[in-house]
Amino acid sequence: MELSGTLEAKQIQQRTGFTITIANTPLNVQHLRTTLSTTSNDSSQPSIRLAELPFCGSDHGLPPHTENTESLSLQQFVTFFHASNSLQAPFHSLVSGIIEKEGRPPLCIISDVFFGWATEVAKSLGTANVTFTTGGAYGTAAYMSLWQNLPHRATESDYFAVPGFPDSCRFHITQLHQYLRVADGTDVWSRYFQPMLANSLKSSGWLCNTAEEIEPQGLEIFRNYVKLPVWTIGPLLPPALLNHSPSSGSIFGQRAWKVPGVSPEKCLEWLDKHPQSSVLYISFGSQNTISPSQMMELAMGLEDSGKPFIWVIRPPVGFDIKGEFRAEWLPEKFEQRMADRNQGLIVHNWAPQLEILSHKSTGVFLSHCGWNSVMESLCVGVPIIAWPLAAEQCYNSKMLVEDMGVAVELTRGLQGAVVRKEVKRVIELVMDSKGKAEEMKKKAAEIGEKIRDAMREEGSSLKAMDDFVSTMLSKRQGY
Ligand SMILES: O=c1ccn([C@@H]2O[C@H](COP(=O)(O)OP(=O)(O)O[C@H]3O[C@H](CO)[C@@H](O)[C@H](O)[C@H]3O)[C@@H](O)[C@H]2O)c(=O)[nH]1
């Protein structure tokens with residue numbers, strides 16, 4: 001088997017005993033090696049192998065040593081995506097080498113949706129290819145349909161129908177990323193996304209990082225759209241979080257923490273000083289950030305609300321994403337004032353998110369609605385203030401607000417209006433202990449329960465994993 005992530009590799013390996021090869025570029029392999037050694041039990045590790053695919057970012061106009069989007073601006077993402085197509089040839093050689101050594105093709109190639117070309121490799125080498133989406137069903141379906149059905153001519157006042165979605169479920173132009181609003185099939189973004197998605201639709205099926213119970217409607221739409229078998233094997237969350245219960249306390253100390261400069265203990269001590277469900281946690285994930293003026297209004301609204309918060313701050317748009325933290329992004333002496341009042345803890349760049357979310361003092365998550373953040377938050381019953389920024393985040397947010405009732409949207413994107421008064425109003429609405437807030441918390445806890453049920457032995461997601469494996473085994477007879 002070939003695939004790109006460690007959690008899914010571990011899941012499959014533990015249930016089947018198969019040998020799994022994870023193919024990635026050299027720096028990512030180095031990182032995966034560390035992750036595997038901290039998450040694997042020793043006996044399973046040798047069955048998960050790592051293989052390097054050569055990649056030289058500077059050959060494609062990217063900064064040297066670029067192998068992921070970590071230090072790239074949004075404008076550079078598309079260059080990186082196009083550059084990733086160059087992995088097709090080395091991947092083909094890698095799989096050919098495995099075939100030569102083993103005397104038969106791998107059972108299956110699992111590839112991220114961003115590597116649509118893996119379908120061609122699989123076909124030419126006589127094996128099956130299954131596409132893996134790290135997102136949820138609803139968000140992935142919307143993302144695919146919107147990129148495949150261009151152009152979008154809606155105006156600011158319009159709600160419009162999206163092919164594959166029921167007519168009652170209309171989208172608004174502000175839910176489209178700025179690149180999607182102007183895409184017409186000839187621009188640099190569509191020239192990457194359209195063939196990539198078309199290829200993924202030629203694979204043998206999809207693995208989706210969600211569970212049947214948590215988004216039944218989204219899955220119905222997704223299945224109708226892709227017209228291929230879909231196995232819901234998620235959400236793939238670390239066991240420490242899946243085993244967490246409110247009475248078992250936060251997962252602080254249960255996993256290795258390797259980000260220099262961040263102290264999980266500091267966050268823990270800070271959270272311990274605050275009452276149950278009183279803290280707002282704010283993070284925009286690993287790739288996104290907001291604009292300087294939005295950052296300023298958010299800070300002022302937070303201060304006005306008087307609510308305790310932990311805010312993971314990354315340099316705003318227009319500043320070096322990996323650059324130094326600068327006090328002038330915030331109101332004068334903001335960080336010091338928040339510390340003196342014990343109101344806010346500001347963490348620069350990266351925080352121990354799972355530990356914070358699972359702490360009893362954390363009440364609400366202000367999130368960009370990346371799928372992992374959404375699943376992590378709901379797994380521990382924490383409702384969400386949504387501020388979607390890019391990718392499929394607006395569609396995740398739409399589902400969280402309209403179908404699940406676990407979120408309130410504050411604004412959308414980098415162009416979205418954010419004023420301090422509105423920030424304060426929404427924070428108070430969601431952090432209040434009654435009415436809407438209470439209802440959202442209850443619904444978030446119910447979804448958390450469903451997530452845990454799905455990922456239990458005999459739960460729907462593990463059954464889906466078994467079904468996927470046996471389907472692949474029976475398919476092998478056909479090759
Ligand atoms: O300070 C931080 C910030 C993030 N995280 C972790 O990083 C991950 C972030 O993942 P996610 O919430 O999915 O956000 P992105 O990194 O932005 O994810 C990309 O990939 C997701 C899955 O496909 C998509 O849903 C998003 O739109 C896309 O931006 C989560 O596991 C977080 O726990 C931390 O531990 N500490």
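Domain 1 and domain 2 together bury about 2900 Å² between them, and 62% of that area lies on carbon and sulfur atoms; buried area here is the accessible area, found with a 1.4 Å probe, that two parts lose on being put together, summed over both. More than any other three residues, Gln175, Ile214 and Leu237 contribute to the area that domain 1 buries against domain 2, supplying 26% of it. The model is a predicted one, in which local features need pLDDT of at least 70 and side-chain atom pairs count only at pLDDT 80 or more, while totals for chains, interfaces and linings use all residues. Residues are numbered from 1 along each chain as its sequence is written, and side-chain values use heavy atoms, with hydrogens and water left out.

The domain assignment places residues 2-237 and 457-476 in domain 1 and residues 239-454 in domain 2, the bounds coming from an automatic or database domain assignment. Taken over C-alpha atoms, the centres of the two domains are 27 Å apart. At their interface, 38 residues of domain 1 are in contact with 30 residues of domain 2, contact meaning heavy atoms within 4.5 Å.

As to polar interactions, six residue pairs, both members at pLDDT 80 or more, are in polar contact across this interface; such a contact is a pair of N or O atoms within 3.5 Å, where within protein one must be able to donate a hydrogen and the other to accept it, and residues adjacent in sequence count only if both atoms are side-chain atoms. The side of domain 1 that touches domain 2 draws at least two residues from each of α2 (26-39), α6 (137-148), β7 (171-172) and α19 (460-476), these elements being DSSP runs numbered from the N terminus, with helices (H or I) of at least four residues and strands (E) of at least two. Helix α6 gives the most to this side, with five residues.

Another backbone feature is found at serine 277, which has a positive phi of about 55 degrees although it is not a glycine; serine 277 lies in the loop between α11 (264-272) and β10 (279-283).

Phenylalanine 77 and phenylalanine 81 both belong to helix α3 (residues 74-84), where they stand four residues apart, about one turn of the helix.
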